[in-house]
Amino acid sequence: MFVIYALCALTSGTCAVLLLRSYFTSRYRLLLWAGVCFVGVTLNNLLVIADKLVFPGIDLLTWRLVVALIAVLFLIYGLIFDE
(Lines give C-alpha, C1' and ligand atoms only; values in the text may rest on other atoms or scores of the structure.)
Protein backbone atom coordinates (compact mmCIF):
# COMPACT_ATOMS: atom_id res chain seq x y z
CA MET A 1 0.00 0.00 0.00
CA PHE A 2 2.87 2.37 0.71
CA VAL A 3 3.96 2.23 -2.93
CA ILE A 4 0.53 3.29 -4.16
CA TYR A 5 0.26 6.14 -1.64
CA ALA A 6 3.80 7.29 -2.43
CA LEU A 7 3.13 7.23 -6.17
CA CYS A 8 -0.01 9.32 -5.69
CA ALA A 9 1.93 11.88 -3.66
CA LEU A 10 4.78 11.89 -6.17
CA THR A 11 2.41 12.36 -9.11
CA SER A 12 0.51 15.23 -7.53
CA GLY A 13 3.77 16.84 -6.43
CA THR A 14 5.12 16.59 -9.96
CA CYS A 15 1.94 18.18 -11.32
CA ALA A 16 2.28 21.01 -8.79
CA VAL A 17 5.89 21.66 -9.79
CA LEU A 18 5.08 21.63 -13.50
CA LEU A 19 2.07 23.92 -13.09
CA LEU A 20 3.94 26.42 -10.94
CA ARG A 21 6.94 26.36 -13.25
CA SER A 22 4.66 27.09 -16.19
CA TYR A 23 3.08 29.92 -14.25
CA PHE A 24 6.43 31.57 -13.58
CA THR A 25 7.27 31.52 -17.29
CA SER A 26 3.88 32.57 -18.71
CA ARG A 27 2.24 34.47 -15.81
CA TYR A 28 -1.12 32.91 -16.69
CA ARG A 29 -2.99 33.16 -13.37
CA LEU A 30 -5.02 29.96 -13.70
CA LEU A 31 -1.77 27.99 -13.68
CA LEU A 32 -0.96 29.56 -10.32
CA TRP A 33 -4.26 28.54 -8.74
CA ALA A 34 -4.08 25.04 -10.21
CA GLY A 35 -0.51 24.71 -8.93
CA VAL A 36 -1.49 25.83 -5.44
CA CYS A 37 -4.38 23.35 -5.55
CA PHE A 38 -1.99 20.55 -6.44
CA VAL A 39 0.32 21.57 -3.60
CA GLY A 40 -2.67 21.04 -1.31
CA VAL A 41 -3.45 17.70 -2.95
CA THR A 42 0.17 16.68 -2.40
CA LEU A 43 -0.09 17.60 1.27
CA ASN A 44 -3.33 15.65 1.44
CA ASN A 45 -1.62 12.58 -0.03
CA LEU A 46 1.22 12.91 2.45
CA LEU A 47 -1.35 13.07 5.24
CA VAL A 48 -2.89 9.85 3.90
CA ILE A 49 0.53 8.19 4.21
CA ALA A 50 0.88 9.55 7.74
CA ASP A 51 -2.66 8.51 8.66
CA LYS A 52 -2.57 4.99 7.28
CA LEU A 53 1.05 3.93 7.74
CA VAL A 54 2.96 6.15 10.17
CA PHE A 55 0.30 6.89 12.81
CA PRO A 56 -2.37 4.19 12.40
CA GLY A 57 -3.73 4.80 15.90
CA ILE A 58 -4.39 8.50 15.33
CA ASP A 59 -7.30 9.57 13.15
CA LEU A 60 -6.14 12.32 10.77
CA LEU A 61 -9.29 12.29 8.64
CA THR A 62 -10.39 15.75 9.78
CA TRP A 63 -7.03 17.28 8.86
CA ARG A 64 -7.05 15.52 5.51
CA LEU A 65 -10.51 16.86 4.73
CA VAL A 66 -9.54 20.40 5.77
CA VAL A 67 -6.43 20.36 3.58
CA ALA A 68 -8.41 18.98 0.62
CA LEU A 69 -11.11 21.62 1.09
CA ILE A 70 -8.59 24.45 1.19
CA ALA A 71 -6.87 23.11 -1.93
CA VAL A 72 -10.12 22.94 -3.86
CA LEU A 73 -11.17 26.39 -2.64
CA PHE A 74 -7.98 27.86 -4.13
CA LEU A 75 -8.83 26.33 -7.49
CA ILE A 76 -12.46 27.48 -7.30
CA TYR A 77 -11.31 30.99 -6.46
CA GLY A 78 -9.00 30.98 -9.45
CA LEU A 79 -11.71 29.70 -11.76
CA ILE A 80 -14.45 32.07 -10.65
CA PHE A 81 -13.05 35.26 -9.17
CA ASP A 82 -9.63 35.77 -10.74
CA GLU A 83 -9.75 37.69 -13.99
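Helix axes are lines fitted to C-alpha atoms over the stretch in contact, and angles run from 0 to 180 degrees between N-to-C directions. Helices are DSSP runs of H or I with at least four residues, numbered from the N terminus. The model is predicted: local features need pLDDT of at least 70, side-chain atom pairs need pLDDT 80 or more, and totals for chains, interfaces and linings use all residues. Residues are numbered from 1 along each chain, and side-chain values use heavy atoms, without hydrogens and water.

**Exercise 1.** Classify the packing of helix 2 and helix 3.

*Solution.*
- Take the geometry: helix 2 and helix 3 (residues 61-80) pack at about 170 degrees, with axes 8 Å apart.
- Apply the classes: under 35 degrees is roughly parallel, over 145 roughly antiparallel, 65 to 115 roughly perpendicular, the rest oblique.
- Helix 2 and helix 3 are therefore roughly antiparallel.

**Exercise 2.** Classify the ring pair Trp-33 and Tyr-77.

*Solution.*
- Set the rule: rings of Phe, Tyr and Trp (its six-membered ring) pair with centres within 6.5 Å; planes under 30 degrees apart are stacked, over 60 edge-to-face, the rest tilted.
- This rule gives four aromatic pairs.
- For Trp-33 and Tyr-77, the centres are 5.1 Å apart and the planes at 80 degrees, so the pair is edge-to-face.
- Locate the residues: Trp-33 is in helix 2 and Tyr-77 in helix 3, so the pair ties together parts 44 residues apart in sequence.

**Exercise 3.** Find which helix supplies the largest share of the nonpolar patch.

*Solution.*
- Helix 1 (2-26) and helix 2 (29-54) each supply at least two residues of the patch.
- Val-54 is in helix 2.
- The largest share, five residues, comes from helix 1.
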